[in-house]
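Hi,

Here is the structure I promised to pass on to you. Have a look at it first, and then read my notes below.

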Amino acid sequence: MKERMVQLEVMRYNPEVDAEPHFQHYEVMCQEEWVVLDALNAIKESIDPTLSYRWSCHMAVCGSCGMMINGEPKLSCHAFLRHYEGVIRVEPLANFPIERDLVTVADDFMDKLKRVKPYLIPKDEKSLEQGEYKQTPAQLMKYRQFSMCINCMLCYAACPEYALQPQFIGPAAITLAHRYNQDSRDGGRLARQEVIATNEGVWECSFVGACSEVCPKAVDPAGALQQVKVASTLDWFKEHLIPGGEPK
Amino acid sequence: MSRKPFVRPVSKTGWYFKHPRYLRYMSREVTCIFIGALALLMVVALERLSQGPAVFDSFLAALTGPWSTLGLLLILVFAVHNATSWFNVTPKALPVQLGEEFLAGKYIVGAHYVVWGLTTLAVLWFAGVV
């Protein structure tokens, strides 16, 4: 099995000791097929057990190992070492406060996620006896892409609007709201519009498009946000130009 | 153990130099200055037109000078960049679902170019150029 010595510069921050983060240099023997997360695990196991970072599934499903790798938001379980040359710089996800080392504080995102009501609010309540809420394949395809989000927050780390205006609800949360708004079984759009069709919602987005470029699941949050803008604009015209055209 | 999260500073002015994709975005946004300049020029042109044919002709003559020509060429280049960069992202905002599939983005982008071309031809026809 092919091995090579890999050099990493990892951002460290110990809130009990450090006034600000600093970089620590590591050299670790890695196998050719390893990803950055494997290299971090090797460091933690054999060189420095104090290194802190989040991870769980190691297969780009749980969304917990997002980091800045050479300045780019990436899932560290999806960033193959063979794609990097020289020293690999690993930092915590940008635009989030650092809790410790590579661990960020995700509270802001979690709060915003709750605000957009990311769950099905049935249009017509049914009892269990009345059976399931049925949907055609075409109705499913309308929102399927947006349901692939794993809440990894890479899109927030790439978004300069979120960096400059932290009150921005942000790409993933608005995309998830759009996912439920597009669902034929859902009746909660008006409630979500109060959160997402606002200055802190889609109108804070200036369509940089970085969120879609870094998304590891090809969700295309930038697309979702532009579609919410179009739908909200149509709402405004209907409400102001057509008698009785208020969104229901 | 007390928490002391560290907030990294964000540059309010130089952030777009941090990644080529941000510079690409800014190159699109900056073009609006030139689009604005063209809009202003059109307003001035209307005002001159309202003052009679002689005033309007001298206004047009002034626009044929080398600096005016250079300025108009710059506006044209930036206006084309603005238009094409927006056309190229339209499939994101206007997806067209056909049953279980979505129409390929190239058709949505292409339709914008076709409408653009036809509109340009119509304007040139009204102006008596073609």
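**A helix pair in chain A**

In chain A, helix 6 (residues 171-181) packs against helix 7 (residues 189-196) at an angle of about 160°, and their axes are 10 Å apart. Before you read on, please keep in mind that this is a predicted model.

An angle over 145 degrees counts as roughly antiparallel, so helix 6 of chain A and helix 7 of chain A are roughly antiparallel to each other. The crossing of helix 6 of chain A with helix 7 of chain A is left-handed. On the helix 6 side of chain A, the residues that meet helix 7 are I174(A), A177(A), Y180(A) and N181(A), and their partners in helix 7 of chain A are R189(A), R192(A) and I196(A). Sorted by class, the residues of this contact are four nonpolar, one polar and two charged.

**The nonpolar core**

One residue of that pair, I174(A), turns up again in the largest nonpolar core, which has 61 residues. I174(A) is among the residues with the most contacts inside this core, together with V36(A), A39(A), M153(A), C155(A) and C159(A). Several elements of chain A supply at least two residues each, including strand 1 (3-12), helix 1 (36-46), strand 3 (66-69) and helix 9 (221-241). Which element of chain A gives the most to this core? That is helix 6 of chain A, with six residues. As background, nonpolar side chains tend to be buried together in soluble globular proteins.

I150(A) sits in the loop between helix 3 (137-144) and helix 4 of chain A. From I150(A) to R115(A), 35 residues apart along the chain, the C-alpha separation is 18 Å.

L140(A) belongs to helix 3 of chain A. With 13 other C-beta atoms within 10 Å, L140(A) is partly exposed. The C-alpha atoms of L140(A) and Q182(A) are 9.0 Å apart, although 42 residues separate the two in sequence.

**Helix packing in chain B**

Helix 1 of chain B packs against helix 2 (residues 53-62) of chain B at an angle of about 145°, with the axes 6 Å apart. A45(B), R48(B) and L49(B) of helix 1 of chain B make this contact with V55(B), F56(B) and F59(B) of helix 2 of chain B. The classes here are five nonpolar, no polar and one charged.

Helix 1 of chain B also packs against helix 3 (residues 66-87) of chain B, at an angle of about 130° and with the axes 8 Å apart. That angle makes helix 1 of chain B oblique to helix 3 of chain B. The crossing of these two helices of chain B is left-handed. Residues that meet here include F34(B), I35(B) and L38(B) from helix 1 of chain B, and L74(B), I75(B) and F78(B) from helix 3 of chain B. By class, this contact has nine nonpolar, four polar and one charged residues.

**Where the chains meet**

How many residues does each chain bring to the contact? Chain A brings 25 residues and chain B brings 17 residues. On the chain B side, helix 1 (20-50) and helix 4 (90-93) are the elements that give two or more residues. Helix 1 of chain B gives the most to that side, with three residues. The side of chain B that touches chain A is made of nine nonpolar, two polar and six charged residues.

Best wishes

How values were computed. Residues numbered from 1 in each chain as written. Chains lettered and ligands numbered in written order. Predicted model: local features only at pLDDT ≥ 70, side-chain atom pairs only at ≥ 80, totals over all residues. Contact = placed C-beta atoms within 7 Å. Helix = DSSP H or I, 4+ residues; strand = E, 2+ residues; numbered from the N terminus. Nonpolar A, V, L, I, M, F, W, Y, C, P; charged D, E, K, R; others polar. Axes fitted to C-alpha atoms, helices over the stretch in contact; angles between N-to-C directions. Parallel < 35°, antiparallel > 145°, perpendicular 65-115°, else oblique. Left-handed = near helix turned anticlockwise from the far one by under 90°. Core = buried A, V, L, I, M, F, W, Y, C linked by C-beta atoms within 7 Å. Buried ≥ 20, exposed ≤ 12 C-beta atoms within 10 Å, placed from the backbone.
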